[in-house]
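Subject: Structure handover

Hello,

Here is the structure we talked about. Please open it alongside this note.

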Amino acid sequence: MSTSPVSKRIKISPPLIGTHNGHFHADEALAVYLLRLLPPSNPSTLLRTRDPALLSTCHTVVDVGGEYDPSTNRYDHHQRTFNTTFPNRSTKLSSAGLVYMHFGKSIIAHHTGLDPAAEETSLLYRKLYTEFIEAIDANDNGISVYSPSETANLTKRFNDSGITLSSLVSDLNNDFSISAPPNEGTETATTDGVSSSTSQADEDSRFLAASELMGKSFLRKLTAYHSQWLPARSTVLAA
């Protein structure tokens, strides 16, 4: 009879991702989704809080904490001294751009089967930033797509701001289960901007819906660029 010890499979908990609670935006919604696209973070537990003590327990923190340090997986962009941009671009990064800058190639390689060091991966990496991520960075940082001098004499014929992804994410902050306006009911606001009658679980659920909206949009772009844009580009170059 064998006396060798029976090997046991060690259960490893997925890394804990932290971001702030309260009003959410498109950039951290996408940043969280991007992190979860990588095997080490999929699935992962999400903690939404502004408590520094709780955030210190997280493996990765995005859009909160006042720190940008890749060595400790901290990706905030709200510091006054922060001015990081994507390579060869001038738009200041948001949390979405920060996460993408550091993990974008790995995400692309994982979901396309391309080698992370392949030229095609680099092409997709730049394409996805300039065609998708950069606008999210600019929106979160209040950067207009036009120079103020170029729009001084322009007048919009209609309002198109309500159909952007960022505005749709903003809509998800609304808790329609609250029927009475704040000045007519008994609700009180917390320091995070969330009414006391709104549970954190409900708010987190709406954040996850926003994250899903942003993430699925990103994946559709990635799929289209990989399956259609790259082959078309190769055909044109070979002509």
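How do the side chains of E203 and R48 meet? They meet in a salt bridge, at 2.7 Å from N to O. Keep in mind that this is a predicted model. My notes follow, by topic.

**Salt bridges**

The count comes to six salt bridges. The bridge between E203 and R48 links distant parts of the chain. E203 lies in helix α7, and R48 lies in strand β2, residues 45-48. They are 155 residues apart. Both E203 and R48 are buried. D204 belongs here too: R48, E203 and D204 are linked in a network of salt bridges.

Two other bridges sit within helices. E131 forms one with K127, and the closest N and O atoms are 4.0 Å apart. Both are in helix α4; because E131 and K127 are four residues apart there, about one helical turn separates them. Is E131 buried, exposed or partly exposed? E131 has 45% relative accessibility, so it counts as partly exposed. K127 has 18%, so it counts as buried.

The side chains of E212 and K216 also meet in a salt bridge, 3.9 Å from N to O. E212 is partly exposed, with a relative accessible area of 38%. K216 is partly exposed as well, at 42% relative accessibility.

**Aromatic rings**

There are 12 aromatic pairs by the count. One of them is F132 with F218, a tilted pair. Its centres are 6.3 Å apart, with 50 degrees between the planes. This pair links distant parts of the chain: F132 is in helix α4, F218 is in helix α7, and 86 residues separate them. F132 is at 8% relative accessibility, so it counts as buried. F218 is at 1%, so it counts as buried too.

Y225 and W229 make another pair. Their ring centres are 6.2 Å apart and their planes stand at 70 degrees, so the pair is edge-to-face. Both residues lie in helix α7, four residues apart, about one turn of the helix. Y225 counts as buried because its relative accessibility is 11%. W229 counts as partly exposed because its value is 26%.

What sits over the ring of Y225? The charged end of K127 does, 5.4 Å from the ring centre. K127 therefore has two partners to look at: Y225 through its ring, and E131 through the salt bridge.

F86, Y100, Y125, Y129, F132 and F218 form one aromatic cluster.

**Nonpolar core**

The largest nonpolar core has 42 residues. Which of them touch the most other members? They are L30, L34, Y100, M214 and F218. Helices α1 (26-36), α3 (95-112), α4 (119-140) and α7 (200-238) each supply at least two residues of this core.

Y100 is worth a look on screen. Leaving out residues up to four places away in sequence, Y100 touches L34, F86, I108, L124, Y125, L128, Y129, I133 and F218. Y100 is also a member of the aromatic cluster.

**T121**

T121 is found in helix α4. Its relative accessible area is 0%, so T121 is buried. Which residues is T121 in contact with, leaving aside its neighbours within four places in sequence? They are K105, I108, L114, D115 and P116.

**The sheet**

Five strands form an open sheet. The order is β2-β1-β3-β5-β4, and the pairing is mixed. β2 and β4 (68-69) stand at the edges. Each has a single partner strand, so one side of each is left without a neighbour in the sheet. β2 is also the strand that holds R48.

Strands β3 (residues 60-62) and β5 (residues 74-75) run parallel, and two bridges join them. For V61, the bridge partner in β5 is R74.

Best wishes

Conventions:
Residues are numbered from 1 along each chain as its sequence is written. This is a predicted model: local features need pLDDT of at least 70, side-chain atom pairs count only at pLDDT 80 or more; totals for chains, interfaces and linings use all residues. Side-chain values use heavy atoms; hydrogens and water are left out. A nonpolar core is a set of buried Ala, Val, Leu, Ile, Met, Phe, Trp, Tyr and Cys residues joined through side-chain atoms within 4.5 Å. Buried means under 20% relative accessible area, exposed over 50%, partly exposed in between (1.4 Å probe, protein chains only). Contact means heavy atoms within 4.5 Å. Rings of Phe, Tyr and Trp (its six-membered ring) pair if their centres lie within 6.5 Å; planes under 30 degrees apart count as stacked, over 60 as edge-to-face and the rest as tilted. A charge sits over a ring if NZ of Lys or CZ of Arg is within 6 Å of the ring centre and within 35 degrees of the ring normal. Two strands pair if DSSP finds at least two bridges between them.
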